[in-house]
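Hi,

Here is the structure I said I would pass on. Could you open it alongside this email and follow along?

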Amino acid sequence: MTRHVLRALAPPVISILIALAVTTLFLTVSGYSAASAYQVMWQYGTQRNSLVIALNNAVPLYLAGIAAAFALRMGLFNIGVDGQYRVAALTGAVVAAALPFPAVITLPLTLLASAVAGGLWALVPALLKIYRGVNEVITSILMNAVATTTIAILLAHVFRADTGQDTGTRMIGAGGSMPDLFDLGDGNRTAVSGFLLVAVICGLVYHLVQRRSVFGYTLQVAALSPDAAASAGIPVNRRVVQAMLWSGGVAGLVGLPHVLGVAHRYDGTMPTDLMFLGLAAALLGRSHPVGTALGAYVLAFVERSSQVLGLVRLPTEVGELFIAVVLLSSAVAYWIVEHGEHRFGLWARARRRSDPVEVTP
């Protein structure tokens, strides 16, 4: 048990240590005090409102991480999460603004519509992989570019609310907005978004589907050995489509915290590139729902706390550098742990063979 826990914790700890080392080297070479930078970040990041804001910001990262984990379970890299959640967020904004129902009906329908839109957008790379053998990484990236153009055209000519410079969709009323889960009452952005509950449900569903169901087991078998899976009667191509649909469906929820909780419509303030942060959270957490949640919060905490560095004349790029190194070092950390375990096993076997045999008189 202890060995299993240590093996699970070692890769993310190594990734964070590598990121801290590289960030410290960057600050030192640039003539800044790394200790002062970390002290400022810690003091600002641990303030009450910063902790709540980091928690709210971690929600879309967690959803993106779960979306990436669904595809990773099948051995697929869904690099198209960015395009999927933007298309789905536009769909959700239009649906939430159009439905005349109360929140208890509008919100579930909006979540469902966005999930379906994200899943359908992810279906294209899956079908191209099956019927044309095109790698899903290439098609997913191309679909991100297609999403950008498609959204621009739809916003300009179909869903545009006004005729001026404003190119956003219609405003979403109270019936379509996500309420806060609870408010700490400090009056300084200390309200926890209701999407935290959505993220918890997504993590629970991911755990049950992937690790407690026959479907999840067959996904893993098909990913490890497609030929053996096909021989055992597992439809590998169907599993590829299903994995991408699940991944795209969860990705469709990534942009909704901004649309339904911040901007209350789809406009130019929609955040982009959450895909890589979510992928980093999934890699940090080894695609485990709890580990991904911790990884998402660590990344959101670094992103939030690094915003204050500019006020004390320190480079604000420290946070971006830290996150980038975490993403790059995640794969290296897994190799270090697996290589170390292999070498330690060889050393232990060699030591057992060299031990002298006791002979009883």
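Let's start with Ser15. Leaving aside neighbours within four places in sequence, Ser15 is in contact with Leu284, Val326, Ser329, Ser330 and Ala333, where contact means heavy atoms within 4.5 Å. Ser15 sits in helix 1 (residues 2-29). Helices here are DSSP runs of H or I, at least four residues long, and are numbered from the N terminus. With a relative accessible area of 1%, Ser15 is buried; the cut-offs are under 20% for buried, over 50% for exposed and partly exposed in between, with a 1.4 Å probe and protein chains only.

Before going on, a word on the ground rules. This is a predicted model, so local features need pLDDT of at least 70 and side-chain atom pairs count only at pLDDT 80 or more, while totals for chains, interfaces and linings use all residues. Residues are numbered from 1 along each chain as its sequence is written, and side-chain values use heavy atoms, with hydrogens and water left out.

Now the charged residues. How many salt bridges does the structure hold? There are three, a salt bridge being a side-chain nitrogen of Lys or Arg within 4 Å of a carboxyl oxygen of Asp or Glu.

- Arg86 and Asp82 pair up at 2.9 Å, N to O. Both are in helix 4 (residues 81-98), four residues apart, or about one turn of the helix. Arg86 counts as buried at 9% relative accessibility, and Asp82 counts as buried too, at 6%.
- Lys129 and Glu136 meet at 3.2 Å, N to O. Lys129 is partly exposed at 29% relative accessibility, whereas Glu136 is buried at 5%.
- Asp267 and Arg265 form a salt bridge at 3.5 Å, N to O. Asp267 is buried at 13% relative accessibility, and Arg265 is buried at 13%.

Arg304 is one to look at on screen. It is buried yet has no salt bridge, and the nearest side chain of opposite charge, Glu303, is 9.4 Å away (Lys and Arg count as positive, Asp and Glu as negative; His and the chain ends are not counted). Arg304 belongs to helix 13 (residues 289-305). Which residues does Arg304 contact, leaving aside its neighbours within four places in sequence? They are Tyr44, Asn49, Ser50, Ile53 and Ala54.

Next, helix 7 (residues 195-211). Its 17 residues reach 24 Å from first C-alpha to last, close to the 24 Å expected at 1.5 Å a residue; the expected span is 1.5 Å times one less than the number of residues. Buried in helix 7 are Phe195, Val198, Ala199, Cys202, Gly203, Tyr206, Val209 and Gln210. Seen down the axis, these buried residues fall within an arc of 140 degrees, so they line one face of the helix (the arc is that of the directions from the helix axis to the C-beta atoms). On the other side of helix 7, Val200 and Leu204 are exposed.

Last, the record. An unreviewed UniProt entry lists several spans as "transmembrane region", including residues 87-105 and 243-263; positions are in the numbering used here, feature names are shortened, and annotations may be inferred rather than shown by experiment. In the model, residues 87-105 are 79% helix and 0% strand, with end C-alpha atoms 22 Å apart. Residues 243-263 are 81% helix and 0% strand, with end C-alpha atoms 31 Å apart.

Cheers

Methods
Helix = DSSP H or I, 4+ residues; strand = E, 2+ residues; numbered from the N terminus.
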